[in-house]
Amino acid sequence: MRRLLLATLLSTAVAAHAQVKVDDPWVRATVAPQKATGAFMQLTADKPLKLVAVRTPLTGMAEIHEMKMDDGVMKMRHVEALPLPAGQAVALKPGSYHIMLMGLKAPVKAGDSVPLTLTVEGADGKRTDVDVQAKAR
Ligand SMILES: [Cu+2]
């Protein structure tokens, strides 16, 4: 179990002090002229945190989005912060929470490794960056 956890941490390049485990990060590959896509992963914080920002060299426009049924219509909205309760896996997945990458400078090809920097904030307001390499598929 310990070895498995270590392997996960290494493979997703989580900073040791970040206190967030990132599982299966991926980005949906695009075809031109598509200018937007989503990034997905599972986040498990070991103390109460919230995801407050995402950066990537692919675009200056990366936002945390939520998808929800509203009056029978699927709607997407920008959320300022995504709560990450301690010890609880929070899924960013199609049709739910996701990271929206807009205004892409170039198409994202399947197999590409997409660098993402997640900024998380603790209850004390302290912010930490978590670097993630997401696979495009
Ligand atoms: Cu979106």
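Reader: Which residues have the most contacts inside the largest nonpolar core?

Author: Leu43, Leu51, Val54, Leu84, Ile99, Leu116 and Leu118, in a core of 29 residues. Such a core is a set of buried Ala, Val, Leu, Ile, Met, Phe, Trp, Tyr and Cys residues joined through side-chain atoms within 4.5 Å. Buried means under 20% relative accessible area, exposed over 50%, partly exposed in between, with a 1.4 Å probe and protein chains only. This is a predicted model: local features need pLDDT of at least 70, side-chain atom pairs count only at pLDDT 80 or more, and totals for chains, interfaces and linings use all residues. Residues are numbered from 1 along each chain as its sequence is written, and side-chain values use heavy atoms, with hydrogens and water left out.

Reader: OK, the metal. What coordinates the copper ion?

Author: His65 (ND1), Met76 (SD), His98 (NE2) and Met100 (SD), at 2.1 to 2.3 Å. Donors are N, O and S atoms within 2.8 Å of the metal (3.2 Å for Na, K and Ca); water is not among the atoms, so sites may look incomplete.

Reader: Are His98 and Met100 buried or exposed?

Author: Both His98 and Met100 are buried.

Reader: Switching to Thr59. Where is it?

Author: Thr59 sits in the loop between strand 3 (49-55) and strand 4 (61-70); strands are DSSP runs of E, at least two residues, numbered from the N terminus.

Reader: And how buried is Thr59?

Author: Thr59 has a relative accessible area of 5%, so Thr59 counts as buried. Leaving out residues up to four places away in sequence, Thr59 touches Leu101, Met102, Gly103, Leu104 and Lys105, where contact means heavy atoms within 4.5 Å.

Key:
Helices (H or I, at least four residues) and strands (E, at least two) are DSSP runs, numbered from the N terminus.
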